[in-house]
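Hello,

Here is the structure I promised to pass on to you. Please open it alongside this message, and take your time with it.

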Amino acid sequence: MAMQQSTSMQQPIAMQQATPPMVSSGDLMTPSGTITGLPQEQSFIENILRLNIGKVGTFYMTYENNSEWNAKIFRGKIEAAGRDHLIISDPRTGQRIMLLMVNFDYATFDEPLNYQYPFRETESTEEQ
């Protein structure tokens with residue numbers, strides 16, 4: 001029995017990425033190194049809420065298929081915000097409430113919101 005030898009040759013696979021990966025510091029990693037000075041966070045609701053921790057807002061939530069109430073309004077000070085939740089506290093009682101972002105419709109505030117993302121300051125290390 002003769003063994004058949006494979007005549008196909010493996011061709012090198014080109015390593016291509018659509019966008020360079022983000023590193024944990026918020027800098028952009030490229031094949032030639034790290035580019036600093038880019039925004040550390042993107043404009044997601046939880047990031048906007050994090051920028052406004054301590055501000056009091058009114059939060060409108062919808063709860064589908066709820067026999068007691070379909071929509072509910074909460075007023076409170078932003079304590080923390082995560083990808084899937086928001087924690088507020090009632091300024092009068094101090095009671096903490098965790099709200100799920102899946103039920104979040106919108107929020108209103110009586111004061112301006114912080115929306116400018118901080119940029120990382122970089123120092124030039126090149127010798128001139």
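This is a predicted model: local features need pLDDT of at least 70, side-chain atom pairs count only at pLDDT 80 or more; totals for chains, interfaces and linings use all residues.

Residues are numbered from 1 along each chain as its sequence is written, and side-chain values use heavy atoms, with hydrogens and water left out.

Let me start with the sheet. Five strands form an open sheet in the order β6-β5-β4-β3-β7, with antiparallel pairing. Here strands (E, at least two residues) and helices (H or I, at least four residues) are DSSP runs numbered from the N terminus, and two strands pair if DSSP finds at least two bridges between them. Because β6 (96-100) and β7 (104-109) stand at the edges with a single partner strand each, one side of each is left without a neighbour in the sheet. Within the sheet, β4 (residues 71-81) and β5 (residues 85-89) run antiparallel and are joined by 4 bridges. Lys77 has Ser89 in β5 as its bridge partner.

At 5% relative accessibility, Ser89 counts as buried (under 20% relative accessible area; over 50% is exposed and in between is partly exposed, with a 1.4 Å probe and protein chains only). Its side chain is joined to that of Glu79 by a polar contact of 2.5 Å, meaning a pair of N or O atoms within 3.5 Å, where within protein one must be able to donate a hydrogen and the other to accept it, and residues adjacent in sequence count only if both atoms are side-chain atoms.

Next comes the nonpolar core. The largest one has 13 residues, and Leu49, Phe59, Leu86 and Leu99 have the most contacts inside it; such a core is a set of buried Ala, Val, Leu, Ile, Met, Phe, Trp, Tyr and Cys residues joined through side-chain atoms within 4.5 Å. The elements giving two or more residues to this core are β3 (56-62), β4, β5 and β7, and the largest share, 3 residues, comes from β4.

Finally, there is Glu46, in helix α1 (residues 45-51). Glu46 counts as buried, at 12% relative accessibility. Glu46 and Ala81 are 35 residues apart in sequence, yet 5.5 Å apart in space, C-alpha to C-alpha.
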